[in-house]
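Student: Hi! I'm new to this one. Could you walk me through it?
Tutor: Happy to. Let's look at it together.

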Amino acid sequence: MTQTKWWQKAVVYQIYPRSFQDSNGDGIGDIPGIIQRLPYLKKLGVQVIWLSPIYQSPNDDNGYDISDYQKILPEFGTIADVREMLLVAHELGLKVMMDLVVNHTSDEHYWFQKSCQSKTNAYRDYYIWRDPVNGHAPNNWLSDFGGSAWEYDAKTAQYYLHLFSKKQPDLNWDNPKLRQEIYTMMQWWLNQGVDGFRMDVINLISKRSGMPNDPEVADGNDGNHGSSMVFSANGPNVHQYLQEMNQQVLSKHNIITVGETPGVTTNDAVKYAGFDRHELQMVFQFEHTELDSSHEGLGKWSNERVNLVDLKRILSKWQTNLYGHAWNSLYWNNHDRPRVVSRFGNDSEVYRVQSAKMLAATLHFMQGTPYIYQGEEIGMTNIALSSIDQYQDIDTLNAYDDLVSQKKRVTSEQMMAYIHHSSRDNARTPMQWDNTKNAGFTTGSPWLPVNSNYQTINVSDTFSDRESIFYFYKKLIALRQQLPIITTGRYEVLDLEDEFVYAYRRIGKNSQLLVISNFSDQPQIRHYNFGTITSLIIGNYKDDAGDILRAYETKVYLIEM
């Protein structure tokens, strides 16, 4: 890394539009609602907002099944609303990153509708079609949402591939005409004024040559991951296609790009986001978010707690292995991951605020671009809905049907406990703005229930408390702009095997940062001796108790060399 780029000092805020702010009382968040709340994001201090998909979609997977990339889903608004949002955001100094979903489309997309008509039409090769093998699917790949990754089409007597829902057919990136269609669409959005792209499962776009069977799937056993997504990732042509995309589109603009890349190693990440690779600027990896996966072969469905040593080992590996070679993305949660304070912290009334601040500081002083998911900055928690019928997420509903109703591998009570811990709907409950009805999210009936704790956890109350989680995040964001060492310093973990405390240094030429976080509700005593400590620059207690770390205490020292 020779010169710091603007996106390396930026902090990104992810908006899940359906749950952010409803402006018209239909119970669904929308673009005018986002516009209404942009001053809030300016007050927080972030530089970039990332929008989950707002495109035309039948909403089989909450917008990640796109039927038209250049139209807006009417319940979100219009393209005119998007242009106004971009204008207002830019006036406030905020950049806007769009979600780019190009591994697959909706089965209602024009391309797929044409592709289904015959084996010889011009759009057939836009998707991945294969003949049956011995009367069944072409291989044993499993969908990430359960069941086979292949769907039979009786009209043309072939199967099409869908690594996700059967309503999300995978695109055939080996078709150069298809790639050009995507690049043209991306350029169209950049011409509208967007400032970058978050690329959904972008490392899946090149499938394995010959599409061999997944060795994890044998004799009807669905393996520990329950999906062939990781097996089919990082295919033979993926870097060629991303370099082509960069050359034709991305390199012509001063934008931010991040690729969602399930199943990548740090070596893979250097290929996707290396400073000299001309592909992406950073990737999202999932190692640390999968640490509480089931030990019973149920994938992510568990309610197990993460082991701190394992968490430190993974985050430290990414900090160390990418240093000087590629850029990290830093995140705890997103629209697909449960609320971090409920998952890695403690969401009880006693410890929620302190543990939320502790988690924030632990992440934000690492090297990389931090991503804040909506509501994280006020300590929003998981939700525990009483009935499966109250959930909307297709992944949750499919898993309940598969594991409880069909295979009877777990009881309903067990599965609901796992859902309370792991469901994607934990992250998708409406944003909690104030203590009025529906948390100020809507005057109508919200599409997903509002968490009942909104009367005590909301933005309005957080503004009136100078010690709130919000102001802690605001200070973290400001410190990133003030202290270059946060961007450039080398990372070094301390006492890796410590089961309760996460401590690390950031080492610069003339100074160091010492970050100490107690991940437990019990006091700990630790002493770190690195010369003269100049100042405590941030902490989540009002005083400094020296070597004593109180419950979920975090503190960061600046050390002058």
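Student: Let's start with I394. Is I394 buried or exposed?
Tutor: I394 counts as buried because its relative accessibility is 15%; buried means under 20% relative accessible area, exposed over 50%, and partly exposed in between, with a 1.4 Å probe and protein chains only. This is a predicted model, where local features need pLDDT of at least 70, side-chain atom pairs count only at pLDDT 80 or more, and totals for chains, interfaces and linings use all residues. Residues are numbered from 1 along each chain as its sequence is written, and side-chain values use heavy atoms, leaving out hydrogens and water.

Student: Which residues does I394 touch?
Tutor: Leaving aside residues up to four places away in sequence, I394 touches D60, D61, F145, S165 and R424. Contact here means heavy atoms within 4.5 Å.

Student: And how far is I394 from Q158 in space?
Tutor: They are 25 Å apart, C-alpha to C-alpha, and 236 residues apart in sequence.

Student: New topic: which residues line the largest cavity?
Tutor: Its lining is Q285, H288, L315, W318, Q319, N328, S329, L330, Y331, L363 and M366. A cavity is a set of points on a 1 Å grid over the protein atoms alone where a 1.4 Å probe fits but cannot get out, and lining residues have an atom within 4 Å of a point.

Student: What lines the second largest cavity?
Tutor: Y16, P17, R18, S52, P53, N59, N62, G63 and F76 do. That lining divides into 4 nonpolar, 4 polar and 1 charged.

Note on methods
1 Å grid on protein atoms, 1.4 Å probe; cavity = no way out; pocket = protein on both sides within 12 Å on 5 of 7 lines; lining within 4 Å. Nonpolar A, V, L, I, M, F, W, Y, C, P; charged D, E, K, R; others polar.
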